[in-house]
Amino acid sequence: MRHPGPEHTPWPAEAADRYRAAGHWRGRSFGAALSALAAEHRDRTAVVGASAAGPARLTYRELDDRAHRVAAGLRDLGVRAGDRVVLQLPNVPEFATTLFGLFRAGAWPVLALPAHREAELRHFAEQTDAVAIVTVDAHEGHDHAATARRVADAVPAVRHLLVLGDPPPGAVDLSSVAAPPRDLPDPDAGGVAFLQLSGGTTGLPKLIPRTHDDYLYSVRESARICLLGPDDAYLAALPVAHNFPLSSPGVLGALHAGACAVLAPDPFPETVFRLVERERVTITGVVPPLAVAYARAAAATARDLSSLRLLQVGGARCSPAQVARVAAALGCAVQQVYGMGEGLVCYTRPDDPPEAVLGTQGTPISPDDELRVVEPGAPAHAEVPPGEVGELLVRGPYTIRGYYRAAEHNATAFTPDGFYRTGDLVRRDAAGRVTVVGRIKDQINRGGEKIAVEEVEGHLLAHPAVLDAAVVGVADDYLGQRSCAYVVLDGDAAEPPTPPQLRRFVRDRGVAPFKVPDRVLVLDRFPVTGVGKTSRRALRAALATLAALTPDGGARVEEDRG
Ligand code: J2J
């Protein structure tokens with residue numbers, strides 16, 4: 001085996017007993033939970049998707065019925081309980097029916113994103129010995145069926161390729177995977193339900209085993225914290241397999257509340273605003289670059305966005321200035337969400353004071369979430385004094401104790417007493433609110449002087465014409481690293497600042513000179529990861545390419561060397 005190690009690292013019996021006694025873990029599987037919802041909400045709309053033919057709606061009963069049929073169809077293909085199946089679908093109702101079908105069959109979906117390509121899919125299939133890959137024929141101009149075919153051919157464990165839409169030769173039409181519902185053994189709720197992906201912006205995702213018990217707890221509490229009820233409509237603008245739109249409270253939280261989950265085919269303002277108006281959407285959650293794009297587009301839209309009561313922003317740092325801008329432009333409440341596929345999710349709460357909503361990422365879901373803020377890299381994990389910055393360690397009822405088949409990595413990613421090392425640099429205030437100030441690795445070492453990229457980004461974002469900023473390190477013969485700031489400017493600004501003006505602006509804010517970006521580059525928009533977070537890897541790669549070009553090679557960008 002390429003990546004030895006346990007598939008699942010269970011919680012110690014003492015902790016598991018405690019989580020059960022507290023009512024966090026309720027011993028119910030996803031399949032059983034959906035059946036209970038179908039009995040309660042029957043003909044209410046559960047899922048709305050947009051197909052070329054118009055909206056496709058599924059009621060709670062239809063969703064449950066289809067999940068039963070898909071499960072039976074998967075069994076007939078030979079998919080057994082515990083088998084891994086890579087699931088790569090865009091935001092379509094079939095995502096929900098297939099996900100719940102796999103849950104019912106006891107198979108473990110591996111939640112790939114539509115943006116993943118051959119390298120990622122192959123990594124998932126190889127690492128899990130997946131028996132099947134489920135994908136779509138084509139999406140946003142990419143031939144997913146061909147990519148999945150190559151992966152299936154290269155990974156011996158993969159026996160089936162199931163394709164939504166037009167299956168290529170040798171693949172199965174996903175819609176034909178259905179059989180009359182039959183009773184299948186209900187999976188153990190304490191066991192693994194699916195494999196979520198880690199959300200790094202710098203490397204290949206790791207696989208995260210989540211159980212029915214732990215995930216349903218986080219979903220239930222997320223729905224409660226966001227005050228979701230049957231009259232809500234949650235819009236999934238981000239790719240729905242991602243942890244945020246799936247569970248915070250996301251599509252699963254909407255279903256838990258008897259609400260309607262609306263799946264947007266793409267996250268762009270035009271599409272999202274159209275769906276908000278048509279489906280009377282009340283809540284959606286996006287990454288900061290999208291929130292900024294919505295704020296920009298809201299001023300000019302003719303769409304009625306008045307149903308929207310809450311915009312969640314999370315996945316990456318959103319500065320107070322950006323949060324304020326978004327709230328003002330959209331005229332609804334904003335909630336900051338700090339979460340991770342590994343577990344922990346923090347939310348600002350509806351009754352938080354405005355400064356907490358603007359400037360912090362809120363408090364954890366559970367009273368049993370144990371958070372420690374420790375000196376980064378210190379072996380003894382000494383906690384830093386309250387209010388000071390350190391690395392966040394976390395353990396609790398929905399945070400994993402180990403990655404899937406990754407014994408070696410687990411030895412450093414978790415402390416011996418089971419805390420997950422988030423790699424996030426945070427501060428906690430007296431009320432217990434968490435503010436994320438950076439990533440341990442997102443530090444630039446400029447000739448020994450350490451620069452926290454978020455700090456510099458914050459200074460750039462304080463400029464009224466700067467919509468977004470990302471600072472990355474670039475290799476330098478003399479200093480080891482220098483800093484480069486990418487910015488997106490407000491196209492409507494009366495006098496957009498030039499790169500030298502922006503450097504001066506940062507300097508004039510009274511920061512140490514070594515923190516002033518060595519270089520400022522203006523882009524129309526940032527490259528993004530699969531879920532839409534600004535990709536620091538792509539920005540660094542772009543810089544390397546730029547460096548290799550003639551000075552004119554950077555014609556698309558406006559730049560300044562300091
Ligand atoms: C700063 N950094 C943040 C935030 C995540 C809800 C919301 C987001 C995710 C997610 C998620 C941040 N401010 N508000 O799973 O359920 C960075 C941190 C974190 C990493 C996790 C959810 N919100 N981050 O983004 O697994 O660095 O999950 O450790 O993709 O994103 O990424 P991911």
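In which loop does Pro249 have its place? Look between helix 8 and helix 9, the latter running over 250-256: that loop is where Pro249 sits. Keep in mind that this is a predicted model. The peptide bond leading from Ser248 into Pro249 is cis, with omega near -15°.

Ser248 is also a handy way into the ligand site, as it is listed among the closest residues to the ligand, together with His242, Val337, Asp424 and Lys533. In total, 20 residues surround the ligand. Sort that shell by class and you get seven nonpolar, nine polar and four charged residues.

Val337 puts a backbone N or O atom 2.7 Å from a nitrogen atom of the ligand. At Gly315, a polar backbone atom is 3.0 Å from a ligand nitrogen. Gly341 brings a polar backbone atom to 2.9 Å from an oxygen atom of the ligand. How much of the ligand does the protein bury? On its own the ligand would expose 620 Å², and the protein buries 94% of that. Strand 14 makes the largest contribution, with four residues.

Step back and look at the chain as a whole. It is divided into domain 1, covering 29-188, and domain 2, covering 443-560. The C-alpha centres of these two domains are 41 Å apart. There is a record to compare with here: an unreviewed UniProt entry annotates residues 455-533 as "domain: AMP-binding enzyme C-terminal". The span 455-533 is 22% helix and 33% strand, and its end C-alpha atoms lie 18 Å apart.

Glu140 has phi near 45°, a positive value in a residue that is not glycine. You'll find Glu140 in the loop between strand 5 (132-136) and helix 6 (144-154). Arg405 is also not a glycine, and its phi is positive too, at about 45°. Arg405 belongs to the loop joining strand 18 (390-395) and helix 14 (407-413). Arg405 counts as buried because its relative accessibility is 7%, and buried means under 20%.

Another arginine is worth a click. Arg210 is part of strand 9, residues 207-211. With a relative accessibility of 1%, Arg210 counts as buried. What does its side chain pair with? The side chain of Arg210 makes a polar contact of 2.9 Å with the side chain of Asp214.

Last stop: Thr360, in the loop between helix 13 (354-359) and strand 16 (363-364). Thr360 has 8% relative accessibility, so it counts as buried.

Technical notes: Residues are numbered from 1 along each chain as its sequence is written. This is a predicted model: local features need pLDDT of at least 70, side-chain atom pairs count only at pLDDT 80 or more; totals for chains, interfaces and linings use all residues. Side-chain values use heavy atoms; hydrogens and water are left out. A residue is near a molecule or strand if one of its heavy atoms lies within 4 Å of it. A polar contact is a pair of N or O atoms within 3.5 Å; within protein, one must be able to donate a hydrogen and the other to accept it, and residues adjacent in sequence count only if both atoms are side-chain atoms. Accessible areas come from the Shrake-Rupley method with a 1.4 Å probe; for residues, only the protein chains shown count as cover. Helices (H or I, at least four residues) and strands (E, at least two) are DSSP runs, numbered from the N terminus. Ala, Val, Leu, Ile, Met, Phe, Trp, Tyr, Cys and Pro count as nonpolar, Asp, Glu, Lys and Arg as charged, and the others, Gly among them, as polar. Domain bounds come from an automatic or database domain assignment. Buried means under 20% relative accessible area, exposed over 50%, partly exposed in between (1.4 Å probe, protein chains only). UniProt positions are given in the numbering used here, feature names are shortened, and annotations may be inferred rather than shown by experiment.
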